[in-house]
Structure formats: structure tokens, C-alpha cells
Amino acid sequence: MAPFIILKRCCLHWNQLVTDKSTPRRYSYVGPPELRDRAATMDAVAVDTVATLARWLAGRDRSERSEPFTFVVAPGGELRLAPRRSEHVALAGGHDVLAAGEVAFVNAAAGWHVVEVTNQSTGYCPDPDSWPAVGAALDRIGVRHPGGFTDKVVFRRCPACGERNVVRDNDFTCAQCDGALPAQWNFASN
């Protein structure tokens, strides 16, 4: 499969928080602008069938398959994969996503299936409620999965200093300024 070539983007549109649960939330890139604006070439794949997934994974060396891959779910529901150290924003072409994180696969008698999946993406900071988009993308291509994130990461932006935070042990305190972090996901407003 040919690598994606992502061209430099000059701007990014910020979406407002979607409150209608029938419409999946779109996550805009909230990470460092220099990563968004940098052109990137990567060995990635848009997975449309389990056969496409199997071919792409078979082309990875054993050490690469032993760790999770970077993934995004595009607004149309398409699952995209790249090696772990790839930037989510490059994989998404700088566009919004329905979900982003890391995913690990194992090959068993019944074929490839997901053994670990997380919403770990400090560029998009997706809420754990992004799982339905991931589950639907995996179901659409026929890949077995655990039915939810195996590790849920909670992200919050500090209203005082603007820093992106990973909430650990239910401690909603900013790691940068010790300010209080909100209980609800809050990256919709820049």
C-alpha cells in the first residue's frame, strides 16, 4: 500500500461541542500547531476490509506488531492505521476525527482481532465516549474487539492556563498551574 502524503495545512476549523448524542462528536486537533502544520509521510492504511487489515499487518515486522498502532476514525467512519510513533493529526490529514488512540492486534486461529484499544491521543484528546465510533469502524470491517476501550484516558483543558491534562486517579487538578479542571470534557472551545 502506498504511503499517505499529508500536505501542510494553513488553518483548522474548530467544531462546537455536539450535544445531540445521535450525532457523533467530532474532535478537532488541539495539540501543538507545529505538528499540525508539518508535512508528513507515513506508512499508513485506510482499512476497509479485514483482508486489507491482514495484508497491512502482515507487512509489519514482528517488533512493530508487538506494540500498539496509532489509529483515527475519520468523519465518514473509516479506520486509519499507522505505526505507533506516527502523529494522529498527520494520519487524519489535519482534519477532525470521530476517535483517535492506539490499538493492538493479535493473530489467532480466527484471524486478527483487537486485544487492546485506548483513546490515548494528546493531539485530539478524545473523550472515552468516542468508543462507539471505534466499535462501529471495527464492526464494519469484521474485526473482533473487546467492546470498549481497554484503557480509558480522561483529558481536560485547564480553564486557567489552557494546558492539556491527562486526569489520573480522579485528580482533576492541572499539572501545570494546580488549577481546578472541569468534570466534563472541555476541548470544544479553543
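1. What volume does the second largest pocket have? The second largest pocket has about 150 Å³. A pocket here is an open set of points on a 1 Å grid over the protein atoms alone, where a 1.4 Å probe fits and protein lies on both sides within 12 Å along at least five of seven lines; lining residues have an atom within 4 Å of a point. The volume is the space filled by probe spheres set on the points, which are joined across faces, edges and corners.

2. The model is predicted: local features need pLDDT of at least 70 and side-chain atom pairs pLDDT 80 or more, while totals for chains, interfaces and linings use all residues. Residues are numbered from 1 along each chain as its sequence is written, and side-chain values use heavy atoms, without hydrogens and water.

3. Of the 15 residues lining the second largest pocket, Glu 87, His 88, Ser 121, Thr 122 and Gly 123 are the closest to its centre. The lining comprises four nonpolar, seven polar and four charged residues, where Ala, Val, Leu, Ile, Met, Phe, Trp, Tyr, Cys and Pro count as nonpolar, Asp, Glu, Lys and Arg as charged, and the others, Gly among them, as polar.

4. Six aromatic pairs are found in the whole structure. Rings of Phe, Tyr and Trp (its six-membered ring) pair if their centres lie within 6.5 Å; planes under 30 degrees apart are stacked, over 60 edge-to-face and the rest tilted. Tyr 29 and Tyr 124 have ring centres 5.7 Å apart and planes at 75°, so this pair is edge-to-face. Tyr 29 lies in the loop between β1 (4-6) and α1 (33-37) and Tyr 124 in the loop between β7 (111-118) and α5 (131-141), so the pair ties together parts 95 residues apart in sequence. Helices (H or I, at least four residues) and strands (E, at least two) are DSSP runs, numbered from the N terminus.

5. Tyr 29 and Tyr 124 are buried (under 20% relative accessible area; exposed is over 50%, partly exposed in between, with a 1.4 Å probe and protein chains only). Trp 185 and Phe 187 form a tilted pair, 5.8 Å centre to centre with 50° between the planes.

6. Asn 170, in the segment after β9 (164-167), has a positive phi of about 60° although not a glycine. Asn 170 is exposed, at 65% relative accessible area. Asp 178 also lies in the segment after β9; its phi is positive, near 65°, and Asp 178 is exposed at 62%.
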